[in-house]
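Please read them with the structure open beside you.

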Amino acid sequence: MSDTIASIATSLGIGAISIIRVSGSDAIKIVNKIFKGKDLEKVESHTIHYGHIVYEGETIDEVLVSVMKAPKTYTMEDVVEINCHGGISSTNKVLEILFLSGCRSAEAGEFTKRAFLNGRIDLMQAEAVSDLINSETEKERKIAINGLEGNSSKLIKKLRQKLIDIISNIEVNIDYPEYEDIYEVTKNDLEKEIKEIKSSLENIIKESEDGKIIKDGIKTVIIGRPNVGKSSLLNRLLDSNKAIVTDIPGTTRDIVEGSILISGIKLNIIDTAGIRKTSDKVEQIGVSKSIEAMNTADLVLLLLNNNETLTKEDLELLKKVEDKNTIIVINKNDLEKKIDISNLDNPNIIYINTIKDNGIDSLKEKIKMMFNLEKFETSNYNYITNTRQLSKIKECLKVVHDIEKGLNDNLDLDILEIDLKNIWNTLGTIIGESYEEELLDELFSKFCVGK
Amino acid sequence: MEVDIIVVGGGHAGCEASLAAARLKHKTLLITGNIKNIADMPCNPSVGGPAKGILVREIDALGGEMGINTDKSHLQLKMLNTKKGPAVWALRAQADKITYPKEMLKTLQNQENLTIKEAIVDDLLVKNKKVYGVKLENGEEIKAKAVILTTGTYLKADILVGSSRTPGGPHGEKEAKNLSDNLKKLGLTIQRLKTGTPQRIKKSSIDYSVLEREDGDNVLRTFSYDTKPMYKIEDQVPCYLTYTNEETHKIIMDNLKKSSMYGGYVRGIGPRYCPSIEDKVVRFKDKERHQLFLEPESLYYDDIYLQGFSTSMPHDIQEKMVHSLKGLEHAEIVKYAYAIEYDAIDPLEMQPSLENKIIENLFTAGQINGTSGYEEAAAQGLMAGINASLKIQGKEALVLKRNEAYIGVLIDDLVTKGTKEPYRMLTSRAEYRLLLRHDNADIRLRKYGYEIGLIDDVRYQKFKDKLQDIEDLKNYLNENKVYPVEGELFEKLNTSPILDGLSLSELLKRPEVKINMLKELGKIPQKYSDEVLEQVEISIKYAGYIAKEEKEALKLKELESIKIPEDLDYEIIPNLASEGRQKLNQIKPITLGQASRISGVNPSDIAVLSVYLKRLNHE
């Protein structure tokens, strides 16, 4: 059957105790070979035992060993966990001995994979675990944990229940057309339902995009004419926060100049070097490169100068950012005001001074408000952060649009129900549930039909 | 005595099985307990309805008899669900319970290669796990190359009324006492099922003046693709409607413990879709009334079938219950309702060809496989007759796919999921409903009927002509346009005018434009039949959704195309979940598609299995 795998389950180098997890059909036998203490093959399941790891006569570490027998374990296989006390080097040594005694090194995520394959957790939970392993900040971890506990599964399940309610009613209308006392679903009902389903889906997507912000941070681009003070703003933002300078290339080709934390959310500031490089030529603002960065940005900071009138280039930039999440930052607020912004209908205008270092805090306040960052500190995170899952939700939304169109074209309900079933199935694949007897159970438990 | 194929049982499965076998030129013997009960309808007097009606059309497309026989013998015909889309239209007939069996018997008796014998079969003749004949109650042995069991509810049947349990089949017929025990001895798993039937009421004792009347359609129709209507619209016999009331419910609740069900006298598992009236009253407490249908059984006797009132209450309570109904205050009960318990095999022990996995050359069809309903039985009977014949000829079995036929859904469900209650065909069981329509059963299946030899050249040519007409008309609609100058046309069609030329098929895509209107307005040639018009209209109007379902079906096809070796050892495949492993071992699916539909086999098992099979093929 399954071979036995082992790896260190706690993060390396942190904390006094490290845990080695061993899983597989020989887990207990193998650990027992190197454990001096009770005979682990004879102990009850889910018990902890004190003893030593001894190899070739040498005592390696003083340990507590938990023995958990299948199937009530994380992987649903026999699992042994060794709590090592001797620091990282002796933990590594114990692991090495396990490998010598018949264990194989676990691949990344392999415990979770086994838990999934053995049917203990659904696909969504499995994916959440892998997110948890890879989570960086405290907030990411919270989302990951919520996913694991099935909060997002719950959300999807609720939506599927809604769908199956209307699907089973339509089906009963088809299979038992002459039962006049069974409610006949109308197009109006479907219209109403579909409105609600649509807004739920849109909400999940919206909230998931918030979740993405927590996970990936806010991608921020600073643009403006040359010499307007972009570098100074960048430095002020980074300086004032003891910037976390990272070399993470991120998901795009952008170079992240640096990141700061606002309310626990990462603000990743993207270098729009292109603008600087071509800045010799005033007539070419080097828009093309910055556009690329802008298009994928969550936030654009457009920097203008307080004591100059708006130039043609400024106006062009203002036009470019019209439909972006933009804050207009007006620098050099200590100088005489020559800029005329009375025609701008952007409410997000902040005056700062990069030299005297004022206004930076109000800029950060503004960002906090725009992204509603405070809610992340208190709310439960129900969002879907996994790309595969999110794309499935978006697929469902597309089908919702088909239904709306079909309703418009006056298509029959039993035809539109094909789309409803499609959504129901797609949502099912997100949480790894597929069609079984669910529909029929629903049908016969809710409707009184038959001869 | 020696024949090619023996069919045991003369119900709807047995009739189709023996006709198919004989028509495929095999010497066939139909053994029945009582020749008078051939093609008998012991329960409701109707054929068809949602999903079931489409089964009948499929039987007809393949060359079976049920559609033709219904056309010869019904009292009323109605297309259901016409207010909904074409995918769920379904024809239903009120059959005459005297004429239907009479006509079927005539067909059987006139069939070449087919002999009918009255006897009870006691045992199978089996050697080396292969059946070679049957043994009768009197000890006589009859040899055959294949045996088809279509025993209906007769295996160890018990009739239940209140607390009484009497061995026997419907109509006081003798049950088959020993066959199921002998099947068990041969290694088959036997399960116990239950079904029931309501009272029959004397027609003249019903006060129809206070009841709602339900008439047949005022359009002539047929079940079969090959018959012409044999009835007059005005000669159809109506059905009537009545309802239970507070008093009925009180009688039931007061006497609940006296029913076989609630008194604990029933062992078999009954169907959810056929609840007894006491079940309905108990489970749906807040319903003030339940609908009941009064259906005529025959022109030749006086019984009315009280649909919706099946019960296992004792006779005196049944009297009170019936008399509490509006219009039935003075009704005379001709036959009391009863429940019947019977033995069935476990359909999981069957191959998709309906051949038994344990005993070779043994086929089963109908209620013995755990289904319910005349149409479900007939469909399996036909497939068993076809596949037993193909087996004898050394040919590959005909297995219809889920996207090809309700018959495919039915059999796949049985052999993949099994059933713990009598299985009834429902549209909701089919995932490709829009492809499996009433109107296109011939387009889906006639080719198979022809290839096998159940559809002759004349019938096939007629079908091919229809296909040609459909093609021609589609082309015509694509090539011919309407123009803005024809303003009046758009007014007549009640649709918005156009700015540019528009092909007729584009015009037809508009929801408000119907193909019949185009015909009436002379926009298409008059020569095309209604069937052809319907086919073309559906294929144009629903093109988008048909394409969607075909795309889904294609995914299924990929999974179905991956065959699983019969001798695959699931024990050695790593990472299969234990429940999945056990189920796979039990059912031994023949394709990855079938494996994916087994309950308890989850998507990750399929992923694991798929990888394993790929590796296996590489080695």
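1. In this predicted model, 41% of the 451 residues of chain A count as buried. The secondary structure of chain A comes to 16 helices together with 13 strands.

2. The contacts of chain A deserve a comment as well. When one takes the contacts in chain A between residues at least 6 apart in sequence, 63% of them join residues that are at least 24 apart.

3. For chain B, the domain assignment gives a domain 1 made of two segments, 5-194 and 342-452, with domain 2 covering 200-339. Between domain 3 of chain B and domain 4 of chain B, the C-alpha centres are 48 Å apart.

4. Chain B also contains an open sheet of six strands, in which the pairing is antiparallel and the order reads 15-16-17-18-14-19. Its edge strands are strand 15 (212-214) and strand 19 (333-335) of chain B, each of which pairs on one side only. On average, and with direction ignored, neighbouring strands of this sheet are turned by 35 degrees against each other.

5. Which residue is the bridge partner of R213(B) in strand 16 of chain B? The two strands concerned, strand 15 of chain B and strand 16 of chain B (residues 239-243), pair in the antiparallel sense over three bridges. The partner of R213(B) in strand 16 of chain B is Y240(B).

Terms used. Residues are numbered from 1 along each chain as its sequence is written. Chains are lettered from A and ligands numbered from 1 in the order in which they are written. This is a predicted model: local features need pLDDT of at least 70, side-chain atom pairs count only at pLDDT 80 or more; totals for chains, interfaces and linings use all residues. Domain bounds come from an automatic or database domain assignment. Helices (H or I, at least four residues) and strands (E, at least two) are DSSP runs, numbered from the N terminus. A residue is buried if 20 or more other C-beta atoms lie within 10 Å of its own, exposed if 12 or fewer, and partly exposed in between; C-beta atoms are placed from the backbone. Two residues are in contact if their C-beta atoms, placed from the backbone, lie within 7 Å. Two strands pair if DSSP finds at least two bridges between them. Axes are lines fitted to C-alpha atoms, for helices over the stretch in contact, and angles run from 0 to 180 degrees between N-to-C directions.
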